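Biologist: I would like to talk through some of the charged pairs here. Could you show me the structure and then take my questions?

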Amino acid sequence: MLEVRKEYFADERDDNLKEIGKGTQRQDMLGHVTGASTYFNDHKLQGMLHLKVLRSEQPHARLRRIDLTEAERSPGVRRIIRGQDVPRNLNTLLSLINFGIDDEPTLAVDKVRYLGEPIVAVVADTPREAYEAMAKIRVDYEPLPTVFDVEEALKPGAPVVNETYPKNTFTYHERYDHQNLRFGDIERGFAEADHIIEHRYQMSPIEHATTETNGSIAAPDTNGRYIVYTSTQALFFSLDTCAKILDVPSNTFHFVGGTVGGGFGGKVDTLTEPLSILAAMLTGRPVRYVLGREEEMQFASPRGAERIYLKDGVRRDGRIVARKVRAYTDSGAYTRLSSYGVVKCVAHLPGPYTIPNVHGEVFCVFTNRTPATAMRGFGVTAMDFAIECQMDRLAEVVGMDPMEFRILNAYRDGDMKAHRREAKGTALIECVQVAAEKAKWPIREEFRRMSSRQGARAPAAPREERIVIAPARAPASPEPARAYEPPRPAPAPPPQPAPAHGATRFSSVFGARRR
Amino acid sequence: MMIPLQFRHNGRDVALFVDGATNLLTALREQLGDTTPKFGCGQGGCGACTVLIDGASHLSCLTLAASVEGRSVETLESLKDGPRLHPLQKAFMDHFAAQCGYCTPGMLMAAKALLDRNPNPTRTQVVEAISGNICRCTGYEAIIEAVLDAAQQHRASA
Amino acid sequence: MAPLTLRNCATVAEAAAALTNERDARYFGGGTLVMRDVNEGDLSFSALVRTTDRSLARIETTGQRFVLGAGVTYAAVLAERELAFLHPVARSIGGPAVRNMGTIGGNLFAPAPFGDFAAALLALDATVLLQGGYANRETPIEDFLAARERSFGALVLAVSFARPAGPEAFRYRKMARVKPKGGSVVTVAAHLPTSGGRVMGARIAFGSMGATALRAKSAERALEGRPLDAAAISAAANAALEGLSPVDDALASAWYRREVAGVQLRRLLSGDAS
C-alpha cells in the first residue's frame with residue numbers, strides 16, 4: 001500500500017494522521033458495482049424529445065443562408081431552434097466571475113469558426129426523425145481563409161477568427177495581449193551563462209474521451225421551474241451559465257448531477273444544458289441532448305495544444321541563471337477556459353527551481369480549431385513537460401547527473417520566486433532524493449544531504465563581481481530604460497450591474513491575491 | 001413498425017413491443033427501465049454496454065433488440081443475490097476497481113462471462129476478457145486484480 | 001425517407017430476395033458494422049434485412065476445401081480446432097463481445113482500417129458464394145472486393161478456400177494501436193506453398209493499405225520459384241508497396257503505412273514473432 005515517510009518535515013505538523021495511508025472506500029462504490037449509481041441519462045421521463053445539433057462542415061465560413069423550411073415540416077419534428085431563439089446568444093464561461101468578454105454563441109448566427117460548431121438544433125420525437133430533419137436543412141457557407149497555427153494566427157494580416165478579439169489573442173485586464181513574467185535581467189543572465197540551449201516543445205490537443213459523453217436532460221417542473229439532469233462537473237457553474245444564456249433568474253433551475261461518468265475537465269463547459277433547457281422551454285416537454293462519440297471528439301473541448309519555446313542559460317557549475325519562456329496556448333475558436341489556463345501557466349513559471357533571471361510571455365491564441373478547455377492541470381502540465389525535458393538536456397550539457405541537477409537548482413524555503421514571493425513549504429529536493437532511492441539511482445552524498453529547509457542552500461561558487469544571483473528586489477521599483485511596466489495589481493473593474501446570478505469575484509484570477 | 005419481443009431478462013420473462021431497428025441497449029434502458037448497461041460510443045469500441053446473451057458477452061448497443069427473441073439476457077442487475085453481492089462485486093469494492101463507475105457494469109459483465117466459463121483464469125486471460133472494455137479512470141490494474149481475486153474467492157468457497 | 005424497418009427472414013432465399021428487391025435495404029449480419037451506422041444516424045438505407053437461417057453458421061472442414069457460412073462468428077472460428085491456422089486472425093479482431101457477434105461475411109464489407117479477416121481470406125485465394133442481386137454465384141474474393149460497392153444487393157452465403165499447404169504455409173500479422181485488437185495500421189497475411197523447397201503460388205494480402213484488402217502481386221512475384229531465404233524476403237519486402245494505396249486516417253498517416261508495410265512483410269516472411 002502507501003508508504004508514509006513521517007520523518008520528513010515532522011516538526012512542521014502534528015503527527016495525527018488518521019486517514020493518510022489507509023484505503024478509504026468511495027461513498028458511491030456500492031452504487032457503482034450494483035448499477036445503482038445514477039448518471040444523468042439514467043432518468044426516464046415521459047414524453048421525452050430528442051435534440052440533435054446540425055454542425056458546421058466548414059472550419060471558417062460566413063453563414064449566408066440557413067433554410068429550414070423543409071426540415072420544419074419533417075415528420076416528428078417538434079421545434080427547430082436557431083441562434084435568434086437564444087435569449088442571450090453570446091457568452092463566455094468565466095463571465096460568471098467577471099473574467100473575459102462574451103465571445104461564443106450557443107448557436108452560430110452569421111459565421112462559423114470551427115468544424116463542428118453548432119448552427120441549428122432539431123427537437124424531434126425520435127433520434128432518427130431528428131437526423132432525417134437535419135438532412136433536409138440547407139446551409140449556404142461562404143468559406144473564409146483559415147488559420148490553424150498559433151504563430152500564424154498572431155502574424156499581421158492573419159484571418160480574424162473571433163471578432164471579439166481582432167488580434168487573435170485573449171485580452172488580459174482590458175489591455176494586455178498576453179501574460180508576462182519578469183524577474184531579474186534576462187539578457188544579463190544569458191551573458192553570464194556558460195551554455196545556452198533553446199528548444200521548441202509542441203503538444204497536441206488531447207481529448208478527455210470520458211466513457212460517458214457530455215449530455216443533459218431538461219424538463220419542465222411543476223412550478224414554472226425546470227429540472228435538469230446533467231453530466232456536468234460543475235453544477236453551480238453550469239446552472240448560472242444557463243441562467244445567463246437563457247436570461248432567467250438562476251432559481252428557475254434545479255440542477256441534478258453528482259455522478260459523472262468521467263470528467264477530467266471535459267464536462268465543465270456547459271455544452272448541452274443551455275439547448276436542452278431552451279428546447280424544454282419552447283416545447284413544454286422533457287428534452288434530451290446527448291453527444292454521440294464522434295460529436296464528443298469533434299465538438300466537445302480538448303485540452304488545448306501548447307507550443308513552448310524554452311531558452312535557458314546555465315553555468316558550468318550547474319546553476320541555471322536565466323530562463324526565457326515564450327508559449328502559446330491554442331484556445332481554438334473561443335475562449336472557454338483557456339484564458340485561465342494561461343494565467344496558471346505563467347503563475348507556474350519557471351518551474352520549482354530558483355532561477356535569478358526569468359522572462360515569461362504566454363499567449364492565449366485563437367485559431368479555427370475546436371475550442372479548448374480545462375483538462376488535468378491545464379496550463380501547468382504541458383509546461384512541466386517542456387521544463388523537465390529541458391532540465392534533462394541542461395544536465396547533459398553541463399555533464400551532471402539529472403537528479404543531482406534538479407536538486408541543485410530546486411527552490412528552497414526562503415528563496416525568492418520569480419513572482420516576488422518567498423518559497424514556503426518546498427519539498428522538491430526530498431521528492432527527488434526519495435525517487436532516486438526508490439529507483440536505486442545513485443546520487444552523491446552531498447546531494448543526498450541537501451534539504452529544502454530555509455538557509456540550507458550551499459552558497460554558489462564564487463564568481464567575478466559582475467555576476468550576482470539577484471536578491472529579492474522591491475517589486476515597485478521601475479527598471480531604468482525599459483518601456484515595459486512591471487505588473488501591478490489589477491485595477492478595480494468599472495462598476496457593473498450586479499449579475500443576476502450573484503457570482504462573486506474570484507481574486508486569484510486577477511493575479512493579486514490579498515491576504 | 002412495432003414488433004413483439006419476448007425474452008428472459010435477468011431471469012424474468014418479459015414481453016414488449018419494439019421498433020424493428022431498436023438496439024438492445026435502448027430497449028433495456030428505456031423500455032424495461034434497466035439502466036445498468038451504459039451508452040459510451042454506439043460503435044463497439046468501449047464496451048460500456050456489455051450484457052450477456054445466453055451467457056456470452058455481447059455489445060447491446062450493436063445488438064438488434066429483435067434478435068434476442070426467446071433468449072436469455074443478463075445485465076448487472078442480475079449479479080446481486082438479494083442483498084448479497086456477487087464475489088466480483090465484492091472484489092471490485094475491495095480493490096477499489098472503480099472511480100467514476102461508468103465502465104463498471106460492462107467490466108463486471110465481461111468478467112462474469114469469463115468466470116462462468118473459466119473459473120481459474122490466468123492473468124492473461126483476464127486481460128483478454130476485458131480487452132473490449134475501456135476504462136478512463138483506473139488504469140485497469142485494480143480491475144484485473146479484482147477479477148483474479150474474485151475467481152480465487154469463488155473457488156475457495158465452492 | 002422512410003423510418004427504418006426490420007425484415008426478419010426465415011431463409012436465405014427470402015433474405016436474398018428482400019435485398020434484391022428493396023433498393024434501400026441493408027443486410028444485418030452480426031451488427032458490428034451496420035448497427036454502428038444506424039446509431040450514427042446513417043440515412044442511406046431504410047430497411048434492415050436479417051435472417052435466422054442456420055445454414056449461414058455452418059463450418060465444413062472435412063473436404064479438400066473449407067466452407068464457412070457468412071454468418072460464422074469469430075468466436076465460432078476460435079472454437080473450431082480445424083481452423084487453428086485462422087485463430088490468430090480471429091483473435092486480433094474486436095474484444096470478446098465483438099467476436100461473439102461479428103461475422104466473417106460482414107468482414108468482407110468492412111472498410112479500412114477494418115477487414116482483417118477479409119485480408120486473410122484474400123491470401124487464401126477464397127471464393128465468395130453469393131445469392132441474389134446482379135452478382136455471380138461464385139466469385140473469386142479479389143473480384144468481389146474490387147466490386148463490392150455494387151454487391152450490396154446480393155447476399156453473401158459463404159466463403160470457401162482450399163486447405164493451406166502446410167502448418168507453416170499460412171501466416172498473419174496485424175499492427176494495431178490497441179493490442180491485441182482495434183483498427184489496423186497494417187495487416188498482412190500470406191499463403192506460401194512450397195514445392196521442393198521453393199515458393200510456388202504465393203499469395204500476399206495487405207489490409208488497411210487501401211479501400212479494401214489488396215494483393216501485393218509484385219511481392220508475390222519476387223518470391224516465386226525461390227527458396228524463402230533472406231534474399232527472397234528482401235526482394236519481396238522491397239516490392240511490397242506496389243499496387244497498394246494507403247490513406248491517412250486517425251490511426252496512421254499514409255506515409256507511415258508506406259514506411260512500415262515492407263517492414264511488417266519482412267517480419268512475417270522471416271517468421272519473426274515480435
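Biologist: Why is C:Asp116 called buried?

Modeller: Buried means under 20% relative accessible area, exposed over 50%, and partly exposed in between (1.4 Å probe, protein chains only). C:Asp116 has 3%, so C:Asp116 counts as buried. This is a predicted model, where local features need pLDDT of at least 70, side-chain atom pairs count only at pLDDT 80 or more, and totals for chains, interfaces and linings use all residues. Residues are numbered from 1 along each chain as its sequence is written, chains are lettered from A and ligands numbered from 1 in the order written, and side-chain values use heavy atoms, without hydrogens and water.

Biologist: What makes C:Lys174 and C:Asp116 a salt bridge?

Modeller: The term asks for a side-chain nitrogen of Lys or Arg within 4 Å of a carboxyl oxygen of Asp or Glu. Here the closest N and O atoms are 2.7 Å apart, so the pair qualifies. C:Lys174 sits in strand E9 and C:Asp116 in helix H7 (residues 116-123) of chain C, 58 residues apart. Helices (H or I, at least four residues) and strands (E, at least two) are DSSP runs, numbered from the N terminus.

Biologist: How many salt bridges are found over all chains?

Modeller: The search of the whole structure gives 59.
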